[in-house]
Amino acid sequence: MITCCGEVQIGYGFSATEFFRLTALEKVTIGNNVLIGSSVTIMDCNHGTDPDIQGGYLKQQMITGKVVIEDGVWCGDHVIILPGVTIGQHSIIGAGSIVTKSIPEYCIAVGNPAKVIKRWNAEYKRWEKL
């Protein structure tokens, strides 16, 4: 399901499995050859978080932040990508991770919040623990 009042750009070779959800009020850019597992959510917006505003969180203005998923990224099942995040090229986001901050290229990130645990060593052609 795609909910959109903003801009969505999706490159060639994109693949998403079942229950993919994308919400764009500002802009979501997905690069080439990106693989998305099942039940993945990408959102470039969220409700405000001021507890003192009359009417509660539902009445608050939406907060937006562009989302960029660069070429060759793989997101495992049940990943959530929040506003303002860039995922660098050829990175892997482990299943069940919640991405709250940008992830550099050629990294593996896992957890809640997602943290980088490995980087690709191009010289030795292997993933190395940090």
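How many bridges join strand S14 to S16, and do they run parallel or antiparallel? I found two bridges between strand S14 (residues 92-93) and S16, and the two strands run parallel. The bridge partner of Ile92 in S16 is Ile108.

**Ground rules.** This is a predicted model, where local features need pLDDT of at least 70, side-chain atom pairs count only at pLDDT 80 or more, and totals for chains, interfaces and linings use all residues. Residues are numbered from 1 along each chain as its sequence is written, and side-chain values use heavy atoms, with hydrogens and water left out. I took strands as DSSP runs (E, at least two residues), numbered from the N terminus. Two strands pair if DSSP finds at least two bridges between them.

**Confidence.** I checked pLDDT, the predictor's confidence in each residue from 0 to 100. The protein chain has a mean of 95, and 97% of its residues reach 70 or more. Among its elements, S14 has the highest mean pLDDT (99). Strand S1 (residues 2-4) has the lowest, at 63.

**Sheet.** I traced an open sheet of seven strands in the order S3-S6-S11-S14-S16-S17-S18, with mixed pairing. Its edge strands are S3 (15-16) and S18 (126-129), each pairing on one side only. I then followed S16 into S17: they pair in the antiparallel sense over four bridges. Val110 has Lys115 as its bridge partner in S17. The two strands form a hairpin with four residues between them. Gly111 sits in the turn with a positive phi of about 105°. Next I looked at S17 (residues 115-121) and S18, which run antiparallel and are joined by four bridges. There, Trp120 has Trp127 as its bridge partner in S18.

**Aromatic pairs.** I searched for ring pairs of Phe, Tyr and Trp (six-membered ring for Trp; centres within 6.5 Å; planes under 30 degrees apart are stacked, over 60 edge-to-face, the rest tilted). The structure holds two. The Phe14 and Phe20 rings have centres 5.8 Å apart and planes at 55°, so this pair is tilted. The Trp120 and Trp127 rings have centres 5.3 Å apart and planes at 65°, so that pair is edge-to-face. Phe20 is buried at 11%. Phe14 is partly exposed at 25%. Trp120 is partly exposed at 30%, and so is Trp127 at 29%.

**Gln60.** Is Gln60 buried or exposed? I read 8% relative accessibility, so Gln60 counts as buried. Gln60 lies in the loop between strand S8 (45-46) and strand S9 (63-64). A polar atom of the Gln60 side chain is 2.5 Å from the backbone oxygen of Asp50. I also listed contacts (heavy atoms within 4.5 Å). Leaving aside neighbours within four places in sequence, Gln60 touches His47, Gly48, Thr49, Asp50 and Ile53.

Leaving aside neighbours within four places in sequence, Ile81 contacts residues including Ile42, Ile69, Ile87 and Val99.

Key: Buried means under 20% relative accessible area, exposed over 50%, partly exposed in between (1.4 Å probe, protein chains only). A polar contact is a pair of N or O atoms within 3.5 Å; within protein, one must be able to donate a hydrogen and the other to accept it, and residues adjacent in sequence count only if both atoms are side-chain atoms.
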